[in-house]
Amino acid sequence: MASKAPKAVLQGGPEGISERIVEVDPDGGDLKVPYRGGYEHFRPTPREWDTADGRLPVYEWWERTELPG
């Protein structure tokens, strides 16, 4: 059964992030994506893209944080 959670398109960040259409919080806050020992941070933008999943908001990469250790 397909998820009804809202989705968004990720733009920017490392090329190795394979999933570019992801579930997001309905409130539209920033998104943290775990990736190679840290997190890639994405922020919502006013842009939208047409995708196979319909018209989705675009979240743009803005920083990376490393996990301690």
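Modeller: Helices (H or I, at least four residues) and strands (E, at least two) are runs assigned by DSSP, and they are numbered from the N terminus. This is a predicted model, so local features need a pLDDT of at least 70 and side-chain atom pairs count only at pLDDT 80 or more, while totals for chains, interfaces and linings use all residues. Residues are numbered from 1 along each chain as its sequence is written, and side-chain values use heavy atoms, with hydrogens and water left out.

The part I will look at is strand β4, which covers residues 38-51. First, its setting. The protein chain has five strands and zero helices, so defined by the DSSP runs above. Read from the N terminus, the order of elements is β-β-β-β-β. The C-alpha trace spans about 40 × 30 × 25 Å along its principal axes. Of the 69 residues, 25% are buried (buried is under 20% relative accessible area, exposed is over 50%, and partly exposed lies in between, with a 1.4 Å probe and protein chains only). Taking contacts (heavy atoms within 4.5 Å) between residues at least 6 apart in sequence, 40% join residues at least 24 apart.

Now the approach to the strand. Arg36 sits in the loop between β3 (31-35) and β4. Its phi is near 45°, a positive value in a residue other than glycine. Most residues other than glycine have a negative phi. Arg36 counts as exposed because its relative accessibility is 70%.

Inside the strand, Glu40 gives another picture. Glu40 lies in β4 and counts as buried because its relative accessible area is 2%. Leaving out residues up to four places away in sequence, Glu40 touches Pro14, Ile17, Leu31, Lys32, Val33, Tyr35, Trp61, Glu63 and Arg64. With one of these, Trp61, the Glu40 side chain makes a side-chain polar contact of 2.7 Å (a pair of N or O atoms within 3.5 Å; within protein, one must be able to donate a hydrogen and the other to accept it, and residues adjacent in sequence count only if both atoms are side-chain atoms).

Further along, Thr45 also belongs to β4. Thr45 is buried because its relative accessible area is 14%. The side chain of Thr45 makes polar contacts with backbone atoms: the backbone nitrogen of Arg47 is 3.1 Å away, and the backbone oxygen of Val58 is 2.8 Å away. Apart from neighbours within four places in sequence, Thr45 is in contact with Val58 and Glu60.

Gly54 counts as partly exposed because its relative accessible area is 28%. Gly54 and Lys7 are 47 residues apart in sequence, yet their C-alpha atoms are 9.5 Å apart in space.

One pair towards the ends of the numbering gives another distance. Lys4 is in the segment before β1 (7-11) and is exposed, with a relative accessible area of 80%. From Lys4 to Pro68 there are 64 residues in sequence and 34 Å in space, C-alpha to C-alpha.
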